[in-house]
Amino acid sequence: MRSPRFHRRRAFLPALGLMVANAAAMAAPLPERLSDTGLFVAGSTTVVRPEILSFTPQYPLWSDGAVKRRWLYLPPGSTIDAAQPNAWQFPVGTRLWKEFSVGRRVETRYIERLEDGSWRYATYAWTEDGRDALLAPADGIPALVLSETGTGRYVIPSELDCRACHEGAPVPVLGVSALQLSPDRDPLAPHAEHLRPGDVDLRSLVERGWLRNLPQPLIDRAPRIEAASPTERAALGYLHGNCGHCHADPAATAAAVPVGIVLAQDVLNPSATAKVMRSLLGAPSRFMPSGRTTAAPVVAPGDSGNSVLTQRMRSRNPQVQMPPLGTAIPDSAGLALIERWIDHDLPSTQEHQP
């Protein structure tokens, strides 16, 4: 499945084809069954191996209302290097799983760091009886029939769709980071998931010895988004979690979308929020909304209806929608938060404007 949305992102991954070929040549074939990837204890597809840790990011990615569970595995004796607090370095052999449920378990996405330092991606589609999940084709499954969804079908992404999102960020692991695992969790985050028993956070990763070189200020004080109001904190967190992996600071990654919007937060830089705000408030957008002859602002303070940001969040036209992949249904809760922030908070926070 190679949608037009993916091809727009290909321009920012120039070495993608060569990277995929090199990784495939050096790695053993992927298991055909999820039960053989090492997630579950032998003979089970419900009991996770005890050495694999679960985690829950505080700003979850909107996935059309799917319920998700996530796990992290590090090879024995290895650690994550957090010397770059916004781009953790994961050891070779790292594996992560993310399970999606819509009434029942539907898919589990899998990424793994290979010997050459590259990452490989796969998706396993659960059988209807829930006994196991089978390796999906590299092109994905574009129209899996699933009555529990709002559209009556479910899209399992292709490998290249996975790369298009994950490899636009400074590091392909998106949900395991200083901000996402901060113990100072945002109570207003849309779709916030309660921590499950055994979930690790930033502090417990350090205590377990799985994380090294984390700057001391982030140990002394749990990272959080510094904002003018609780609503603004949640809005910026939502944009970080849903958009920041592509709209990162160009200085942080060469693969970021080449526009002036910065939505990824910098956990060590106290001016990070101001940088995000400068890139949004009143900034002209390259996108021309239907019926306009002049560019609309990305965010028009006090006027969400005239803001390109909310127009693109609301749309599911493949040529317009944001995020461009992974969702067929607009996020009503996320959109309501962003509109509330623009309409009610921004007129009183003019100091953020350029």
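Select glutamate 167 and arginine 163: both are buried (under 20% relative accessible area; exposed is over 50%, partly exposed in between; 1.4 Å probe, protein chains only). Their side chains meet in a salt bridge, 3.0 Å from N to O (a side-chain nitrogen of Lys or Arg within 4 Å of a carboxyl oxygen of Asp or Glu).

The model is predicted: local features need pLDDT of at least 70 and side-chain atom pairs pLDDT 80 or more, while totals for chains, interfaces and linings use all residues. Residues are numbered from 1 along each chain as its sequence is written, and side-chain values use heavy atoms, without hydrogens and water.

Next, the sheet. Six strands form an open sheet in the order S1-S2-S4-S5-S6-S7, with antiparallel pairing (strands are DSSP runs of E, at least two residues; helices are runs of H or I, at least four; both are numbered from the N terminus; strands pair if DSSP finds at least two bridges between them). Its edges are S1 (53–54) and S7 (133–135).

Select S2 (residues 67–73). Five of its seven residues are buried, so the strand is largely enclosed by the rest of the structure. Pick leucine 72. Leucine 53 stands opposite, and leucine 96 is its bridge partner in S4.

Move to S4 (residues 95–101) and S5 (residues 105–113), paired over seven bridges. Serine 101 has arginine 105 as its bridge partner. Arginine 105 also forms a salt bridge with glutamate 99, at 3.8 Å. Glutamate 99 is buried at 4% relative accessibility; arginine 105 is buried at 18%.

Finally, select Asp184, Asp186, Arg224 and Arg233: a network of salt bridges links them. The salt-bridge count comes to 17.
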